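Okay, thanks everyone for coming.

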Amino acid sequence: MVEAFAVASGKGGVGKTTSTLALGMALSDRYDVTVVDADTGMANLLFHTGLDGVETTLHDVLGSDVPVSAAVYERFGMRVVPCGTSLSGFRRVDPDRLRGVVATLARDTDVMLLDSAPALGAKSAVLPVVLADRVVVVVQPTIPSLSDALKVQEYATAYGTSIAGVLFNRVQPTDPIERISDSASRYFDGPIIGRIPERPSPQAARRAGKPVLAHAPESTVAMAYREAAEQLEIRSGDGTKIADRFQSAVIPEQP
Ligand SMILES: Nc1ncnc2c1ncn2[C@@H]1O[C@H](COP(=O)(O)OP(=O)(O)OP(=O)(O)O)[C@@H](O)[C@H]1O
Ligand SMILES: [Mg+2]
């Protein structure tokens, strides 16, 4: 059984990496979870998981013949595939190889979460959305953030990837959340799965090199993420068939 989710957004800095790890940890109570830093140009998942000192990352896998198993680290009850941050590592990356990596990982997990790059201007940014079964769209509750996120939906739909849900993050008490939620319900093809408040815990967790559910498990943010994860009903699929589908996915030349 496997389902792959891209965690994506229109704008940067809305909390994709924080959310990927938080949803992953919440789901790891019930499922075998693999998280992949598919933001190969601006990777930061390694800093959120204390993996910034590791030798082998996704850059090595996508840039040479290193098997993906060499870049898988067991952390926080999940399998974590971090990506490096060097420009030389990024230059060596062949984005098309991500297909094979996802296919290999899919054979041996229940849930895969692909942390994605913001915006859809580059091939490496759109790939996770193209490869995933469904997308979790992370949005800050503002109209510009929402309208950028709609472009992610448009793109996903064009490639047959459905919307798992909209996750509001960094919600401030002054945000017109009801009005924005109404608009989101009207325009998005998936439910609103959660509203995560703006709080200090995610930044403290990031500084400690841990996902927020590990650093502050009883925090309001951690509880809100656990509730959001409950809304994602994981669908079962045949791991081998799904792996074959990833392997043969058509990758757009021009996003
Ligand atoms: N609910 C929250 N409350 C307060 N700060 C948050 C919250 N969620 C995330 N942050 C902080 O916002 C910053 C951006 O978060 P994160 O790195 O997860 O975003 P991102 O969408 O992955 O960014 P990028 O587009 O650069 O990859 C981080 O400093 C993180 O700690
Ligand atoms: Mg990120």
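Let's start with a loop: where is the place of Phe-76? Phe-76 sits in the loop that runs between strand S3, residues 73–75, and strand S4, residues 78–81. Before I go on, please keep in mind that this is a predicted model.

Arg-170 is in a strand, S7. Arg-170 also counts as buried, because it has 22 C-beta neighbours inside 10 Å.

Strand S7 takes us to the ligand. Which elements each supply at least two residues of the shell around ligand 1? Those are helix H1, residues 16–27, strand S7, residues 162–171, and helix H9, residues 201–208. There are 21 residues around ligand 1, and the ones that come nearest are Gly-12, Gly-15, Lys-16, Thr-17 and Thr-18. By class, the shell splits into nine polar, six nonpolar and six charged residues.

Now, stay on helix H1 for a moment. In general, you describe two packed helices by the angle between their axes and by how far apart the axes are. H1 packs with helix H11, residues 220–230, at an angle of about 70 degrees, and their axes are 9 Å apart. That angle makes H1 roughly perpendicular to H11. The crossing of H1 with H11 is right-handed.

Which residues of the two helices meet? From H1 you get Ala-22, Leu-23, Ala-26 and Leu-27, and from H11 you get Tyr-225, Arg-226, Ala-228 and Ala-229. In that contact of H1 with H11, seven residues are nonpolar, one is charged and none is polar.

Arg-92 has its place in H4, residues 87–92. Arg-92 counts as partly exposed, because it has 14 C-beta neighbours inside 10 Å. Leaving out residues up to four places away in sequence, Arg-92 touches His-59 and Gly-63. Asp-60 is 32 residues from Arg-92 in sequence, with 8.3 Å between them in space, C-alpha to C-alpha.

Then comes Val-93, in the loop between H4 and H5. Is Val-93 buried or exposed? Buried, because 21 other C-beta atoms lie within 10 Å. With the residues up to four places away in sequence left out again, Val-93 touches Thr-40, His-59, Leu-62 and Gly-63. Val-68 is 25 residues from Val-93 along the chain, and their C-alpha atoms are separated by 14 Å.

Last stop, helix H5, residues 97–106, where we find Gly-100. Gly-100 counts as partly exposed, because it has 15 C-beta neighbours inside 10 Å. And how many residues apart in sequence are Gly-100 and Ser-248? They are 148 residues apart in sequence but 8.9 Å apart in space, C-alpha to C-alpha.

That's my tour, so over to you for questions.

Methods:
Residues numbered from 1 in each chain as written. Chains lettered and ligands numbered in written order. Predicted model: local features only at pLDDT ≥ 70, side-chain atom pairs only at ≥ 80, totals over all residues. Near = placed C-beta within 6 Å. Helix = DSSP H or I, 4+ residues; strand = E, 2+ residues; numbered from the N terminus. Nonpolar A, V, L, I, M, F, W, Y, C, P; charged D, E, K, R; others polar. Buried ≥ 20, exposed ≤ 12 C-beta atoms within 10 Å, placed from the backbone. Axes fitted to C-alpha atoms, helices over the stretch in contact; angles between N-to-C directions. Parallel < 35°, antiparallel > 145°, perpendicular 65-115°, else oblique. Left-handed = near helix turned anticlockwise from the far one by under 90°. Contact = placed C-beta atoms within 7 Å.
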